[in-house]
Amino acid sequence: MNVALPKGRLGRKVYQMFADAGFECPELLEESRKLIFENEEKGIRYFWVKPSDVASYVERGAADVGVVGKDILLESKPDVYELLDLKCGKCRMMVAAPKDWQDDTGHTLRVATKFPEIARKFYGGKSRDIDIIKLNGSIEIAPILGLSDVIVDIVETGNTLRANNLEIQETIVDISARFISNKSAFKFKTREIEAVLEGLASEVSEK
Ligand code: PRP
Ligand code: MG
């Protein structure tokens, strides 16, 4: 079974859950530039990919299963099964603005974000006209430099907002890591995938 894991801190945490559930592959934690790791005995192969690419690997079947943030599922709506909330990597999708900012509802709101679909849906639900400025990072700078009125972005500790004199306006949705599966893999490797799913579910419930 091919497992796509998100590179980085969350990925290492998530791998630990797989390992504790009995699907270890110790080589994966060694410092190296290697991206693919296999434990033949367990029939499992892990690979590290950019967090935002996990869903593409799983949707197209290059990975049978993977772990991805709910933010990415909401944004790109991949055609996959969302099997389990891993209850880690918790954060929130929020609207934030400069501390002294006041919403003048009369004009089109300029929203800077990495998540245009989430922003569109949120403001669509309020029938608010917005102009989306799609950025790829450092979103917090946009309202400071007058590029946007507000931002829609992920907030975890709130440190980035505080350091940039921004404050929360509204919460859009709670985010956490999800275990996902390719649809046909779930049909043809049901037993293997369910074994991992059950292992992970018991790790989640022990937390
Ligand atoms: C993420 C997110 C926020 C920050 C939230 O950015 O976009 O900027 O982390 O975390 P905090 O509330 O704990 O400060 P990231 O570090 O991934 O950088 P990027 O936005 O430039 O991609
Ligand atoms: Mg950021």
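Which residues of helix 4 (residues 116–124) are buried? I started there and found Ile 118, Ala 119 and Phe 122. For me, buried means 20 or more other C-beta atoms within 10 Å of a residue's own, exposed means 12 or fewer, and partly exposed is in between, with C-beta atoms placed from the backbone. Helices (H or I, at least four residues) and strands (E, at least two) are DSSP runs, numbered from the N terminus.

A note on what I'm looking at: this is a predicted model, where local features need pLDDT of at least 70, side-chain atom pairs count only at pLDDT 80 or more, and totals for chains, interfaces and linings use all residues. Residues are numbered from 1 along each chain as its sequence is written, while chains are lettered from A and ligands numbered from 1 in the order in which they are written.

**Helix 4, continued.** I looked down the axis of helix 4: its buried residues fall within an arc of 95°, so they line one face of the helix. The arc is that of the directions from the helix axis to the C-beta atoms. Then I checked what covers these buried residues, and the list includes helix 3 (70–76), strand 6, strand 7 (109–113), strand 8, strand 9 and strand 10. Contact here means C-beta atoms, placed from the backbone, within 7 Å.

**Helix 1.** Next I looked up helix 1 (residues 9–20), where Gly 11, Val 14, Tyr 15, Met 17 and Phe 18 are buried. They cover an arc of only 155° around the axis, which puts them on the same side of helix 1. Their cover includes strands 1 (2–6), 3 (44–49), 4 (65–69) and 11 (177–181), plus helix 8 (190–206). After helix 1 comes Gly 22, and its phi is positive, near 105°.

**Leu 86.** I found Leu 86 in the loop between strand 5 (81–85) and strand 6 (91–98). Is Leu 86 buried or exposed? I count Leu 86 as buried, with 21 other C-beta atoms within 10 Å. Leaving out residues up to four places away in sequence, Leu 86 touches several residues, among them Val 14 and Met 17, which I had already noted as buried in helix 1. Ala 177 is also one of the residues that Leu 86 touches; their C-alpha atoms are separated by 5.5 Å, though the two are 91 residues apart along the chain.

Most residues other than glycine have a negative phi. I came across Ser 138, whose phi is positive, near 45°. Ser 138 sits in the loop between strand 8 (130–134) and helix 5 (141–144), and is exposed, with 12 other C-beta atoms within 10 Å. I placed Asn 165 in the loop between helix 6 (159–163) and strand 10 (166–175), and with 12 C-beta neighbours inside 10 Å, Asn 165 counts as exposed.

**Ligand 1.** Ser 138 turned up again in the shell around ligand 1, which also includes Gly 137, Asp 153 and Thr 160. A residue counts as near if its C-beta atom, placed from the backbone, lies within 6 Å. Strand 9 (150–155) and helix 6 each give two or more residues to this shell, and the largest share, 3 residues, comes from strand 9.

**Record check.** Last, I looked in UniProt, where an unreviewed entry lists residues 50–200 as "domain: ATP phosphoribosyltransferase catalytic". Such annotations may be inferred rather than shown by experiment. I get 32% helix and 32% strand over residues 50–200, with the end C-alpha atoms 22 Å apart.

Conventions:
Contact = placed C-beta atoms within 7 Å.
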